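This report describes selected structural features of one protein model.

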Amino acid sequence: MNHADGELIVRRIGRLVTHAGRPVNGSAAVLIRSGRVAWTGAERDLPAGVPALPEVDAGGGCVLPGFVDPHTHLVWAGGRRDEFVARLAGERYDGGGIRGTVAATVAASDAELLGLARGRVAAMVANGTTTVEVKTGYGLDPAAELRLLGLVAELAAVVPARVQATFLAHVVPDGVDRAAHVAALAGALPAAAAAGASWCDVFCDRGAFSLAETAVLLRAAAAAGLGTRLHAEQLACTGAAALAAEHGCASADHLDLVDPAGARAMAAAGVVGVLLPTATLSTRGHAWDAARTLRAAGVTLALGTDCNPGTSWCESMPYAMQLACLLLGLSVDQAVRAATAGGAAALRLADVGHLGVGARGDLVVLAADHEADLVAHLGARPARRTVIGGEPAGGVA
Ligand code: NIG
Ligand code: FE
């Protein structure tokens, strides 16, 4: 969509958090010109001579930079109800259910997949998300993954949120030679870059791709001009976090079982740690030490939803923030930063995740007057209004 021409004043903000200076309490305002933040501050200090512009009345609500969700798998068809119910009865998640989603996704029409993904993005925007990374991964063979990538490009053109596309090497299909599959995926990466992918991700874990297979794919991705990121240390601690560091990945994600050595390697290489607590909860992983291990090593943290049908059926960054505080041990401020600036760092985007002058005019008006209430009020509707590029894009006001 055209994100460039929004002209807007957001008034009567009870508390404004920009991450570019201290929060402003009282009646604050944000001025957005041509889709970018032009001014923020106390409303009484609004520059003279601003022409009449469309207005959003924040009604005393708290305003944060829009949420940046750096990890989703939201192009899928079908569901995984039986697997979820079995997990409640004690069965362990091992990634086996991915194949069922692949069958349903491959069988679905383009229009059906696009409609489903579009609805999920609409739910995300209503929850305050303004930038979202979207992975392929439910096609498996290269042609099927490239088809999904084409749908991500179509999605990007019709949703208000900013979309970053990722080609995901998810698992090896049954009955296929592993080395041949890795070679075929590597061979498809130039086409993925041409089809609009910014990133290549590999599920490097027990039951998915090995460290050696992942290294082949990371080298091919770099040669194709793609940025790289990894699914790492989710089901087993394999050394994937250190591999991400060795290859200069922008992020390593999940990290439930990351060890201090992996965390230190990430910190030294500037790899952002993307935490996905809704996946830990839904898989009943019970591993809640990752944030402490990563923070002790000095890793920059981000939060995502991991939105997918198997391990994290969730379109809500506020819910991820609640789990990050209550189960991973982040403070409210750390969770807000991880959900905004952290996601932007994971996607290497300089102009989202904060509301400094020149940033994109992407913000969320909370249905609460302080960000701590966003975290404390469990199960509540989090956002009154979402603004993307200076255009009201979601919410109920
Ligand atoms: O991020 N871990 C691998 N991939 C997804 C889940 C995929 C699925 O089970 O459908 C995840 O958790
Ligand atoms: Fe994931």
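## Nonpolar cores

Leu294 touches Leu255, Val258, Ala263, Met266, Leu275, Val299 and Leu301, residues up to four places away in sequence being left out; contact means heavy atoms within 4.5 Å. Leu294 is also listed, with Leu64 and Leu74, among the residues with the most contacts inside the largest nonpolar core, which has 95 residues. Helix H3 (residues 110-126) supplies the largest share of this core, six residues. A second, separate core has 16 residues, including Ala28, Ile32, Val56 and Leu363.

A nonpolar core is here a set of buried Ala, Val, Leu, Ile, Met, Phe, Trp, Tyr and Cys residues joined through side-chain atoms within 4.5 Å. Buried means under 20% relative accessible area, exposed over 50%, and partly exposed in between (1.4 Å probe, protein chains only).

## Basis of the model

The model is predicted: local features need pLDDT of at least 70 and side-chain atom pairs count only at pLDDT 80 or more, whereas totals for chains, interfaces and linings use all residues. Residues are numbered from 1 along each chain as its sequence is written, chains are lettered from A and ligands numbered from 1 in the order in which they are written, and side-chain values use heavy atoms, without hydrogens and water.

Strand E7 (residues 129-135) is largely enclosed by the rest of the structure, because seven of its seven residues are buried. Helices (H or I, at least four residues) and strands (E, at least two) are DSSP runs, numbered from the N terminus.

E7 runs parallel to E6, to which three bridges join it, with Asp69 opposite Val132. Five bridges join E7 to strand E8 (residues 162-169), also in parallel, and Val134 has Ala165 of E8 as its bridge partner. Strands pair if DSSP finds at least two bridges between them.

His71 lies in the loop between strand E6 (67-69) and helix H1 (81-88) and His231 in strand E10 (residues 227-232), so the pair ties together parts 160 residues apart in sequence. His71 is buried at 0% relative accessibility, and His231 at 3%.
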